[in-house]
Amino acid sequence: MSYIKPNFRHPRLPTNALGYTVADYDGSISTLCAGCGHDSISAAIRNACFLSSIPPHRIAKVSGIGCSSKMPTFFLGKSHGFNSVHGRMPSVATGASLANRSLTYIGVSGDGDTASIGMGQFIHLVRRNVNMTYIVANNGCYGLTKGQDSATADEGSISKYGDVNAFEGIDLASLALLQGASFVARSFSGDKEQLEPLIRAAMGHNGFAFIDVISPCVTFNNHVGSTKSYAATRDHLDVMPLDFVPMREEIRTQYSEGTSKSVTLHDGSVIYLHKAETGFATDDRTGSLNAIQKAKEEGRILTGLLYLDPDTQDLNHNLDIASRPLNELGKDELCPGSKVLNSINEGLR
């Protein structure tokens, strides 16, 4: 049965500082479309956790609803996980982080899950500086419900139904910067040399770390000129079933800092990526916003670490939450007695 992953592992697989192999960070076999950029993101998360030597059982994965939110099933199968409802992952992540700050939290969402129904929750997650890594698999469409434009789709792009998008797309990286995020980055799903280090840096950041990942959809995003995806080519075969998904190879690329790269997608359209220079001023919030806008005006997508505040304080610190997980606190700590309670009440009079 092709959906069962074999348990055999090569005895000479490299191990990290904890003695784990990369196979210890695997999940189930992916059920996403062949060639989906989301699978490249899953692999990058798995590799980043392996290279950072984080114990799998000390990681918590949270997600919402959508193709992107299915991804946590496909990596870190030995970690904690919570698949919430559409757009409500930030609430779950906030509560979990406050209850147990000792875990490493990875939130996986999509452009629909974050930029539409979950926008309100996303904004509050940013401004509260919850200590977590938040990854958006951004393909500009609702792949799980057959390809409608999402809020990040580009103005003028054409949907699979032939409709022209009349609205300006929401730039989530700019939004996160404007709302005060302390770590903001953008990457391309097929650029593992850039994406994996960004994920490792995000997981090591003390505070909210946001990564917007352009992730091509092989099936439902058929509009030419999209900066986020490519069409599933039908080759004018009118008798082809509508649910047919061509087998595609994942698009991968590699290029140096400070250079641009054109990437030809499966439908023949081209996107232009520009990797930030090594000396990019990541401590200048206004400069980062201007750089993103300038790249957009030039028809390019700026990638890399766009902003970092190394001195930020996360939500747990700002609210003075107990440093130990709440489930480890004993009776004496949770119920200090009537004398202490009376003292607190007197202080509030």
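Which residues do ring pairs link into a cluster? I looked this up in a predicted model. Ring pairs join Phe122, Tyr134, Phe208 and Phe210 into a cluster.

**Entry 1: confidence**

I checked pLDDT before anything else. The protein chain has a mean of 83, and 87% of its residues reach 70 or more. I then turned to residues 229-247. There pLDDT stays under 50. The model still has 37 contacts beyond four places in sequence for this stretch.

**Entry 2: aromatic pairs**

I looked up the count of aromatic pairs, and it comes to seven. One of them is Tyr20 with Tyr25, an edge-to-face pair. Their ring centres are 5.9 Å apart, with 75 degrees between the planes. Is Tyr25 buried or exposed? Tyr25 is buried, because its relative accessible area is 0%. Tyr20 has 24%, so it counts as partly exposed.

I went on to Phe122 and Phe210. This pair is tilted, at 5.4 Å centre to centre and 55 degrees between the planes. Phe122 sits in helix 5 (residues 119-128) and Phe210 in strand 8 (residues 208-214), so the pair ties together parts that are 88 residues apart in sequence. I noted that Phe122 and Phe210 are both buried.

**Entry 3: a surface patch**

I turned to the surface. Val340, Ile344 and Leu348 form a nonpolar patch there. Together they have about 290 Å² of accessible area. I picked out Ile344, which is found in helix 11 (residues 338-347). Its relative accessibility is 46%, so Ile344 counts as partly exposed.

Methods:
Residues numbered from 1 in each chain as written. Predicted model: local features only at pLDDT ≥ 70, side-chain atom pairs only at ≥ 80, totals over all residues. Heavy atoms only, no water. Patch = residues over 30% accessible without salt bridge, like charges linked within 9 Å, V, L, I, M, F, W, Y side chains within 5 Å. Areas by Shrake-Rupley, 256 points an atom, 1.4 Å probe, with all protein chains shown as cover. Salt bridge = Lys/Arg side-chain N within 4 Å of Asp/Glu carboxyl O. Helix = DSSP H or I, 4+ residues; strand = E, 2+ residues; numbered from the N terminus. Buried < 20%, exposed > 50% of the residue type's maximum accessible area, 1.4 Å probe, protein only. pLDDT = per-residue confidence, 0-100. Contact = heavy atoms within 4.5 Å. Phe/Tyr/Trp six-rings, centres within 6.5 Å; stacked < 30°, edge-to-face > 60°.
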